[in-house]
Amino acid sequence: MDDVRDTAEAVARASYGKLVAFLAARTRDVAAAEDALAEAFATALAEWPSRGIPRTPEAWLLTVARRKLIDAARRRQTGEEAAPTLALLTDELVDAAEGDVQIADERLRLMFACAHPAIDEGVRAPLILQTVLGFDAATIASAFLVAPTAMGQRLVRAKNRIRQAGIPFRVPEREELAERLDAVLEAIYAVFAEGWADPAGTQPRTRNLAEEGIWLGRLVVSLLPEEPEALGLLALMLHADARRDARRGAQGEFVPLAAQDPARWNATLIDEAEERLLRASRMAQPGRFQLEAAVQSAHAARRLSGKTDWAAIVQLYDALLAITGSVVVAINRAVALAELHGAERGLAVLDALQDDARLAQYQPYWAARAALLARSGNAPAAAAAYQRAIGLESDPAVRAFLQLQVH
């Protein structure tokens, strides 16, 4: 039974979004596709232990999910509502999937459907995360600092909107692209960040998500090679992923960026990131992801110069803050300012942010505040801030690192 469950989980991680996209592109009913696929996975867990794991699990799941969709459509009144699903009966691509023919990957089309202007802007990226990677509403809500119930309701409304409005599953034309690309890129980065938060790969839910994010980033760049922000996002992810091995010590302990050995960074990934960022910069259309990649590029330069150019990093954060107004960027800028001008300067910036209610549960704010308070000599306040950060941290290695700072 464990082997069956492990196989089902592996297929889910690798193919969930691919299968949802394939079915939803034909029915324009994302929720129904998700429900049918969930039933298919439940059927697999019930049947595979006795019948054996099929030779092509992905195709088996697609076939069962299609049948579930068709059964559900037949239970409804026939007519326009059921017609798209019943059309699956004659879908040659789905029939081919029962053999050795490769199932078409339509995730990018699904992502752009979720980013359609008819979908509320604030739910586009969360919707992509749920439909393409199967994230639950609570996980998405946490990432976007929204209550789980509210996020769940927004996602349901968005899926209904796709079906009711007949939103097409396609990569938009050039004139439609800009307003929808931002949401797609934001969602890809959120995917990467979820995997990045688990560097040791210990959580099944997030395992391989960093690689998935990079894969999606490469896919967008291959389809839209002249989009500088797509290049910038890919460069940002490659720069971050290049430091994967250096983020943990020999015993699995957390190693902050400043203490990492640049010799352990992946030079191949850094070189590719620099090439992507250079291509983007030549287009002279700076944006959020290009600036964030440039910050990481400045950090990566330490492998050659032996030092970090904090003045350049502060300038980049200034530009990034002007574009985004992001409180996360403001926190990072405060840390960079402290490196350049002293802890008191950074603390002054953090003090100006402290009335933002979202920061009460935001661990990086408290960790940054604790470190700067310690540097300024305010040990009691630093200890209190460290305790807040420790209580909010889920990664055992980072929590252990923070606990060491208190003593």
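This is a predicted model: local features need pLDDT of at least 70, side-chain atom pairs count only at pLDDT 80 or more; totals for chains, interfaces and linings use all residues.
**Whole chain**

With that cut-off in hand, I looked up the burial total: 48% of the 407 residues in the protein chain count as buried. I then went through the secondary structure and listed 21 helices and 0 strands. Next came the contacts with a separation of 6 or more, where 63% join residues 24 or more positions apart.

**Helices H7 and H9**

I picked a helix pair to look at: H7, residues 121-133, and H9, residues 148-165. Their axes come within 10 Å and cross at roughly 85°. Angles of 65 to 115 degrees count as roughly perpendicular, so I filed H7 and H9 under that heading. On the H7 side I found Val123, Pro126, Leu127, Gln130 and Thr131 in the contact. Facing them from H9 are Met151, Arg154, Leu155, Ala158, Lys159 and Ile162. Sorted by class, this contact has 7 nonpolar, 2 polar and 2 charged residues.

**Gln363**

Is Gln363 buried or exposed? I read a relative accessibility of 12% for Gln363, which is under the 20% limit, so this residue counts as buried. Gln363 sits in helix H19, which covers residues 363-375. Leaving out residues up to four places away in sequence, I noted that Gln363 touches Ala389, Leu392, Glu393, Val398 and Leu402.

Key:
Residues are numbered from 1 along each chain as its sequence is written. Side-chain values use heavy atoms; hydrogens and water are left out. Helices (H or I, at least four residues) and strands (E, at least two) are DSSP runs, numbered from the N terminus. Buried means under 20% relative accessible area, exposed over 50%, partly exposed in between (1.4 Å probe, protein chains only). Contact means heavy atoms within 4.5 Å. Axes are lines fitted to C-alpha atoms, for helices over the stretch in contact, and angles run from 0 to 180 degrees between N-to-C directions. Angles under 35 degrees count as roughly parallel, over 145 as roughly antiparallel, 65 to 115 as roughly perpendicular and the rest as oblique. Ala, Val, Leu, Ile, Met, Phe, Trp, Tyr, Cys and Pro count as nonpolar, Asp, Glu, Lys and Arg as charged, and the others, Gly among them, as polar.
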